[in-house]
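Me: I would like a close look at one part of this model. Please keep it brisk and take me through it step by step.

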Amino acid sequence: IIDLRGKKFPEGKLALTTTYRKSSDGTIVGAVIKIQGFASKKERILEHEFGHAFGWKHFNRKYHIMNEAYENGGWDYFGLRNIK
């Protein structure tokens, strides 16, 4: 679920993702992405939140898509891979 309506967030947060997993084996079964209204127009926000929905954690490498600080993020995807 992606909720683009304006929401109240903790200070400094542009978006929040909650990922739901099976307790038995950790398989992801769903996710809810909530984005502040103004943040939906910012580059990379949705891609970053999809990363969380896929189970990726923050990776604080400069210019990385999963960098926790928006101003330090970018399109680098070093270390992200499709596990088959």
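What follows is a look at one helix and its surroundings. Which residues of helix 1 are buried, and which strands do they pack against?

Reply: Keep in mind that this is a predicted model. Helix 1 covers residues 45–53. Its buried residues are Ile45, His48, Glu49, Gly51, His52 and Ala53. An α-helix has 3.6 residues a turn, so residues three or four places apart point the same way. The buried residues of helix 1 pack against strand 2 (15–21) and strand 3 (28–35).

Look next at how strand 2 meets strand 3. The two run antiparallel, joined by seven bridges. Take Leu16 as an example: its bridge partner is Lys34, in strand 3.

Then follow the chain past the helix. Just after helix 1 comes Gly55, with a positive phi of about 100 degrees. Trp56 also lies in the segment after helix 1. Trp56 is partly exposed, because its relative accessible area is 30%.

Trp56 belongs to a nonpolar patch of about 540 Å².

Technical notes: Residues are numbered from 1 along each chain as its sequence is written. This is a predicted model: local features need pLDDT of at least 70, side-chain atom pairs count only at pLDDT 80 or more; totals for chains, interfaces and linings use all residues. Side-chain values use heavy atoms; hydrogens and water are left out. Patches are made of residues with over 30% relative accessible area and no salt bridge: like charges are joined within 9 Å, nonpolar side chains (Val, Leu, Ile, Met, Phe, Trp, Tyr) within 5 Å. Accessible areas come from the Shrake-Rupley method with a 1.4 Å probe; for residues, only the protein chains shown count as cover. A salt bridge is a side-chain nitrogen of Lys or Arg within 4 Å of a carboxyl oxygen of Asp or Glu. Helices (H or I, at least four residues) and strands (E, at least two) are DSSP runs, numbered from the N terminus. Buried means under 20% relative accessible area, exposed over 50%, partly exposed in between (1.4 Å probe, protein chains only). Contact means heavy atoms within 4.5 Å. Two strands pair if DSSP finds at least two bridges between them.
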